[in-house]
Amino acid sequence: MNLNSAIYMVFPIILFIFGILLPFTTDAAGGRWKFLTPSIGISAMHMQLLNNDRVIMFDRTDFGTSNISLAPGKCPAGAKDCSAHSVEYNVMTNKFRPLTVQTNVWCSSGSVMPDGTLVQTGGSFEGERRVRLFKPCGGSADCDWQEVNLGLAKSRWYSTNQVLPDGRQIIIGGRKQFNYEFYPKTTDPNVHDLQFLADTNDKGVENNLYPFVFVNVDGNLFVFANNRAILLDYVNNKVVKTYPQIPGGDPRSYPSTGSAVLLPLNNIEAVNVEAEVLVCGGAPKGSYTEAAKGKFITALNTCARIKITDPNPIWVMETMPLARCMGDMILLPNGNVLIVNGAGAGTASWEFGRNPVLNPVLYRTDNKIGSRFETQRPTTIPRMYHSTAVLLRDGRVLIGGSNPHDKYEFSGVLFPTELSLEAFTPSYLERPVLRPVIVIPAPQTKLSYGQKFTIQFRLRGIVNLKSISTTMVSPSFNTHSFSMNQRLLVLTPTAQVQSLGGTVYQVEVTTPSSANLAPSGFYLLFVVNGEFPSQGIWVHIG
């Protein structure tokens, strides 16, 4: 055993000891890490925040016996054991409870419907055509997954979901599936072929699974797979634009596994709203094949940014401070992007990753090129294949998962299965005096499109009224280095921020004008003072 192997194997033991004694916290100018719990009983391979501040997590039913048992009477018929492979995590209490999945959810996909119901689709083996529903609740023992047999027309494994402007979900691609379908099912035909997915399939490697999908401001879908993208009119099954290949031609999709975000939508009252996509990391051509031979090639250290609404779009290349594959890209309330988790060499798949990247990187969206990246404080826990990350309402980023094995493996391996949770606190939370506190509207307020509404907030100290902005962030379904349905909009103020006396201020803003800009559903509303966001409140639009 070499020195690096010994070090990585000792990490979880040290953290487990610290986790029992006290919450483990590291501090620095580049953010803070807090160790939340040594074990939730499963490895958080998939993660979704709901509008009751609970996070649904699950791994796969054939990992073996997990470290958390199902409640009495909840054991699925024919199950080999009565351990859970899904949990509901309560952010406020740092506690969790087991949930029951009836069929295999391995490498599946999902998104939250407009009414707040988590729709999770596909998986492997007997679960590949299942749809599973979870409605937010108060944590009642009777509140659990509901499964729809044959809810899908095709097998969906390594697919991507996106909520559409009409409220349905589209499910795109998956292993050996060069097509897309809808949930709920439509009248025939519900399945449409998509040649682009066949064209981007590298023989024997794929490199086009979990495609990166975003709703463009015109209602069409930006679909990225491998190293290139199209704009898809999914209603008429027509490609309306073909984007250029990323310079260099290296793959960015699973298993080469980079990540991507739709950057914040600004000036949403403009006649022509601009939209940009950022794709970061991945693995050079041939990395998957070489990893299978035991040779682990250094990951890509580049990002590519493109204005997808431009008549003649081009990719603009940028260099990250750290090479990374299997990283996650999380939109923060102030519009910046956190790049976290992943490996510095190899690719996704069992045992194919090496050199964990412990430092997150902050990407400052509005800075000039060359000054956008800032390396953050490192974690001490390698988060490799099957790691996850989601933004929480308080502005932290919840981190979990990591299991590069086909079973639970806790000893004698380079990177043991990780059952722990930790949180990364960006530096914007380290100065609470600069964080606004929202007074009005009340949580769970219902808004309509194009509506003017008033936000009141408290803020101490000297306030630069021109530095105040308001953002809305959709909660995303995170798995395999992509956050499905992730979206941030900067709301347009109708007038300057007003002081109401003392520490109370008021601003009137306008919601997005249509579901093309903001598909219906629950969003987190933030007031941002410069780069310091308030805690979010849940609102519903549509």
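## Lining of the largest cavity

In this predicted model, the largest cavity is lined by Val-112, Met-113, Val-163, Ser-474, Pro-475, Asn-485, Arg-487, Pro-519, Ser-520, Gly-521, Phe-522 and Tyr-523, and the space within this cavity comes to about 100 Å³. Strand E42, which spans residues 521-529, gives the most to this lining, with three residues.

By residue class, the lining of the largest cavity holds seven nonpolar residues, four polar residues and one charged residue.

## The second largest cavity

The second largest cavity has a volume of about 80 Å³, and the residues that line this space are Leu-49, Ile-330, Leu-331, Val-390, Leu-391, Val-473, Ser-474, Pro-475, Ser-476, Gln-486 and Leu-524. At least two residues of the lining come from each of strand E23 (328-331), strand E29 (387-391) and strand E35 (468-474).

Here the lining divides into eight nonpolar and three polar residues, with no charged residue.

## Cavities across the model

Rolling a probe the size of a water molecule over the atoms shows where empty space is left. With a cut-off of 30 Å³ or more, the count for this model is nine cavities.

## The hairpin of E5 and E6

Strand E5 (residues 86-90) and strand E6 (residues 95-99) run antiparallel and are joined by five bridges, with Tyr-89 standing opposite Phe-96 in E6. Four residues lie between the strands of this hairpin, in which Asn-94 takes a positive phi near 60 degrees.

Terms used
Residues numbered from 1 in each chain as written. Predicted model: local features only at pLDDT ≥ 70, side-chain atom pairs only at ≥ 80, totals over all residues. Heavy atoms only, no water. 1 Å grid on protein atoms, 1.4 Å probe; cavity = no way out; pocket = protein on both sides within 12 Å on 5 of 7 lines; lining within 4 Å. Points joined across faces, edges and corners; volume = space filled by probe spheres on them. Nonpolar A, V, L, I, M, F, W, Y, C, P; charged D, E, K, R; others polar. Pairing = 2+ DSSP bridges.
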